[in-house]
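Open the model in your viewer and keep the selection panel at hand. The tour below goes stop by stop.

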Amino acid sequence: MSALIFLLSLGTVCRVTRFITKDALAAGFRSRVADRFGEDSHPAYLITCGWCASIWVAAAVTPLAHWAGGETWFQMGAMVLTLSYLTGLAANWLD
């Protein structure tokens with residue numbers, strides 16, 4: 001795996017994990033899981049803990065990067081997610 005694909009995969013894992021665990025757009029999903037299983041349940045913890053969710057996100061992204069890392073569609077999608085994550089970091093730092 002090239003350094004570029006590794007870095008794009010890293011950015012993708014960071015952004016998707018952030019989306020699942022923190023972003024407002026996924027708040028309804030997190031609420032439904034908490035309502036269904038309880039606030040202190042393992043499923044609810046899995047989608048609110050960045051460390052926990054990132055394992056599963058990385059487990060999905062890693063084989064995809066291995067098999068499709070050289071494909072333009074993967075690189076473009078991963079670049080969009082990576083740039084989104086980096087923009088969020090920069091915005092927080094500049095604010």
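**Aromatic stop**

This is a predicted model. Select Trp73 to begin: Trp73 is exposed, with a relative accessible area of 54%. Phe74 has 5% relative accessibility and counts as buried, because the cut-off for buried is under 20%.

How many aromatic pairs does a search of the whole structure find? It finds 1. Trp73 and Phe74 form that pair, in an edge-to-face arrangement. Their ring centres lie 6.3 Å apart, with 85° between the planes.

**Arginine over a ring**

Move to Phe37 and show its ring. Arg36 lies over the face of Phe37, at 5.0 Å from the ring centre.

**Two helices**

Now colour helix α1, residues 3-21, and helix α4, residues 50-68. Their axes come within 9 Å and cross at roughly 140°. The crossing of α1 and α4 is right-handed.

Show side chains at the contact. From α1, select Ile5, Ser9, Thr12, Val13, Val16, Thr17, Ile20 and Thr21. From α4, select Gly50, Ala53, Ser54, Val57, Ala58, Val61 and Ala65.

**Last stop: Thr21**

Stay on Thr21, which is found in α1. Is Thr21 buried or exposed? Thr21 counts as buried, at 8% relative accessibility. Which residues does Thr21 touch, not counting those up to four places away in sequence? Select Arg30, Ile47, Thr48, Cys49, Gly50 and Ala53 to see them. Gly50 and Ala53 also belong to the α4 side of the helix contact.

Terms used: Residues are numbered from 1 along each chain as its sequence is written. This is a predicted model: local features need pLDDT of at least 70, side-chain atom pairs count only at pLDDT 80 or more; totals for chains, interfaces and linings use all residues. Side-chain values use heavy atoms; hydrogens and water are left out. Helices (H or I, at least four residues) and strands (E, at least two) are DSSP runs, numbered from the N terminus. Buried means under 20% relative accessible area, exposed over 50%, partly exposed in between (1.4 Å probe, protein chains only). Contact means heavy atoms within 4.5 Å. Rings of Phe, Tyr and Trp (its six-membered ring) pair if their centres lie within 6.5 Å; planes under 30 degrees apart count as stacked, over 60 as edge-to-face and the rest as tilted. A charge sits over a ring if NZ of Lys or CZ of Arg is within 6 Å of the ring centre and within 35 degrees of the ring normal. Axes are lines fitted to C-alpha atoms, for helices over the stretch in contact, and angles run from 0 to 180 degrees between N-to-C directions. A crossing is left-handed if the near helix is turned anticlockwise from the far one by less than a right angle, and right-handed if clockwise.
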